[in-house]
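Dear colleague,

I am handing over the structure below, and after it I set out what was found. Please read the notes with the coordinates open beside them.

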Amino acid sequence: MRILVTGATGYIGKRIIPLLLDQGHTVVCAVRGKLRTEKAYSDEENLHVVEADFLKPDTLQNIPKDIDAAYYLIHSMSNSVDKFHKLEEECALNFKNYIETTNVKQVIYLSGITNDTKLSKHLLSRKNVEDTLKSNDYALTVFKAGIIVGSGSASFEIIRDLVEKLPVMIAPKWLNTKTQPIGIRDVLAFLTKGLDKQELYNTSHDIFGPEIMTYKQMLLQFASIRKLKRYIITVPVMTPKLSSYWLYFVTSTSYKLASSLVNSMGIEIIGEKSNINQFLEIKPMTYKQAVEVAFVKIEGNEIISSWKDAFISSRNKKRVSTKYLKVPKFGCFKDIKERRVKDENRTLEKIWAIGGENGWYYGTTLWKIRGYLDKLVGGIGLRRGRTNKTDIKTGDALDFWRVLLADKEQKRLILFAEMKLPGEAWLEFQVAKGKVYQRATFRPRGLWGRLYWYSVLPFHGFIFNGMINKLANA
């Protein structure tokens with residue numbers, strides 16, 4: 001089949017594409033910017049990338065008409081509470097209007113379980129998207145999942161942060177809320193096995209694991225799997241706002257995402273039973289099995305996708321685009337350094353492994369202080385880390401940076417700052433002709449931007465000199 005995948009650079013999208021290709025399908029990836037797609041995609045004969053923004057209907061003409069099925073995997077949790085509901089509906093409506101002009105017979109939508117009488121704004125929005133996608137011109141198949149457990153998933157990484165950082169947790173009462181977690185492998189199995197099944201046309205099914213658990217039980221079982229002794233004390237007086245700040249400061253999530261999650265976590269997410277498991281011959285794994293499988297991937301450095309690399313982990317509304325790839329030259333402060341290298345390939349490997357657990361090679365304490373300061377003023381800090389310890393791709397999150405370009409052939413890496421700044425900042429590395437070049441560029445915004453640059457200049461001199469020396473001597 002010829003299949004359209006929307007949300008192709010997202011957590012689910014990145015994982016479902018290789019599965020569809022392995023099954024012999026031709027995949028059309030709809031992305032807002034081709035720069036964010038995997039470099040390996042260009043070598044795939046049965047994979048085509050088109051630029052399409054579902055908030056801009058005129059760009060949808062790039063999507064071919066001769067497609068048989070489509071996956072709708074577009075979600076938003078980072079836009080303002082006032083806007084995200086409207087934006088999600090607008091995306092869904094634009095998608096529907098265009099897809100009705102194609103040959104598509106089936107659309108598969110991954111939503112959230114919405115059985116509780118009281119739903120959060122995000123779950124209400126998911127339900128509204130489902131209603132918007134219904135059509136007389138194609139069949140809609142909806143799978144509704146609760147907490148997804150897998151390497152790189154938001155819920156998994158947040159639980160991991162809490163368990164590994166806090167021996168004792170004084171936690172809000174929503175930790176006693178019941179839910180039914182499901183492993184990412186099982187979610188992907190439902191999505192792929194539900195394709196081209198006429199019996200599932202115009203149907204909706206809850207998909208969930210075999211256990212009903214509270215969030216507290218999930219945390220304690222996670223700790224047990226990691227052989228960590230943890231104590232949790234729940235208090236009834238923690239407001240949603242305090243709970244959001246609690247998640248924000250302890251985990252790697254952004255405040256907006258933390259707030260969205262807290263609002264959803266107060267609601268029971270229990271699925272309604274159906275015959276979908278028997279029909280598709282899927283036996284969902286337990287929570288413990290899902291966590292253990294996730295750590296196999298983590299320890300093997302084989303994480304395919306992470307929520308941190310999606311823009312929901314960013315405070316910026318800017319997207320990876322050619323606009324920001326062109327590092328400005330005028331009206332900017334610059335710190336440019338170059339060194340002769342001992343071994344170009346080793347230096348390049350060290351650049352490609354920079355940040356995250358590997359650190360920034362020099363002045364580690366100062367980097368950490370800068371991360372803490374960013375967190376205190378509402379930024380994202382250093383805790384996003386990196387998805388892969390040795391490889392990096394365009395669009396990835398890297399501590400408080402976003403990767404604008406990662407091109408090993410050009411031996412060039414460009415990062416764009418997502419920390420809170422009175423201006424815009426780029427950090428660029430390039431290896432060429434036996435030398436490594438390191439360029440820090442800052443475009444100030446007003447007087448505060450200029451004062452900021454001069455105040456950090458002494459620290460830059462210390463850190464940037466040390467960092468390039470480490471890279472050159474690799």
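Two strands are said to pair if DSSP finds at least two bridges between them, and helices (H or I, at least four residues) and strands (E, at least two) are DSSP runs numbered from the N terminus. This is a predicted model, in which local features need pLDDT of at least 70 and side-chain atom pairs count only at pLDDT 80 or more, while totals for chains, interfaces and linings use all residues. Residues are numbered from 1 along each chain as its sequence is written, and side-chain values use heavy atoms, with hydrogens and water left out.

An open sheet is formed by 6 strands in the order 14-19-18-17-16-15, with antiparallel pairing. Its edge strands, each pairing on one side only, are strand 14 (333-340) and strand 15 (397-398). Strand 15 pairs with strand 16 (residues 401-407) over 2 bridges in the antiparallel sense, and L398 stands opposite W401 in strand 16. Helix 14 (residues 446-472) packs on the sheet, where it touches strand 14, strand 18 (423-432) and strand 19 (435-444), and its direction makes about 5° with that of strand 14; contact here means heavy atoms within 4.5 Å, and axes are lines fitted to C-alpha atoms, for helices over the stretch in contact, with angles running from 0 to 180 degrees between N-to-C directions.

The axes of helix 13 (residues 364-376) and helix 14 come within 10 Å and cross at roughly 145°. To this contact helix 13 brings L366, W367 and R370, and helix 14 brings Y452, F459, F462, I463 and M467.

With regards
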